[in-house]
Amino acid sequence: MQVSNNSANSIDAYKQNSSQKVQAQDATQTSKNVDKNVEEIINNSATKVAISMNAQYILFEMNAKSMAKNSMFAQAGIDANSITKDQQSVLDFLSGKGKIDDMSLSDIGYNGKPIMELSQDEATQLVSEDGFFGVTQTSDRVANFVFSFAGDDLEKLQKGRDGIVQGFEEANKLFGGNLPEISYKTQERTLALIDAKIDSIKNPQDNNSKE
């Protein structure tokens, strides 16, 4: 049985339209995946920063204030009678009892004793210059996390930077806009690392001249 030219043309047109629809769907899906990846960078960056800032705050307070036995609220410098739900979730997280945005302490690389169970000396060590939650290790950790997601993509790097700022603001708000100095120094160094990466991509000739 022969197919008429009109029918053949119709079939070809149908196939072509179908192919275009598939391509359009693939492009839409790719766009959604890109948007999702960027959103993940922002959310995960914000979470990692917030976790680090929360930990720094608690550790700083544990170090700065007198320790009351069997009272993690007193250890953290928080009034148990006025604690908010968000602050409680942070305390639970740092006690090893919960997660923040589906991340545990081990998800950011910390495998030590639950923070709320630390002695004053142990808390001091963690926020020291070489400590896990000190300025250098924390800023390196967060910046490298963004680099692992974004690579040399300027848009993703900027979104990761936005996530860092967002996470810092969330932590700052949680504790009444009064984070310890170490947190501000960590924020400054983290953003400097991201900015240096962005600048190296935008101005590669400057880096070549320095070599």
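**Rings, charges and a core**

Let's start with a charge and a ring. The charged end of K197 sits over the ring of F147, 5.6 Å from its centre. Over a ring means that NZ of Lys or CZ of Arg is within 6 Å of the ring centre and within 35 degrees of the ring normal.

A word on the source. This is a predicted model, where local features need pLDDT of at least 70 and side-chain atom pairs pLDDT 80 or more, while totals for chains, interfaces and linings use all residues. Residues are numbered from 1 along each chain as its sequence is written, and side-chain values use heavy atoms, leaving out hydrogens and water.

Back to charges. R141 lies over the face of F132, 3.9 Å from the ring centre.

Now F132 and its partner. How are the rings of F132 and F133 arranged? Their centres are 4.9 Å apart and their planes at 80°, so the pair is edge-to-face. Rings of Phe, Tyr and Trp (its six-membered ring) pair with centres within 6.5 Å; planes under 30 degrees apart are stacked, over 60 edge-to-face, the rest tilted. The whole structure has 5 aromatic pairs.

Buried or exposed? F132 has 16% relative accessibility, so F132 is buried. F133 is at 0%, so F133 is buried too. Buried means under 20% relative accessible area, exposed over 50%, partly exposed in between (1.4 Å probe, protein chains only).

Last, the core. The largest nonpolar core has 41 residues. Such a core is a set of buried Ala, Val, Leu, Ile, Met, Phe, Trp, Tyr and Cys residues joined through side-chain atoms within 4.5 Å. Y110 and F133 are among the residues touching the most other members.
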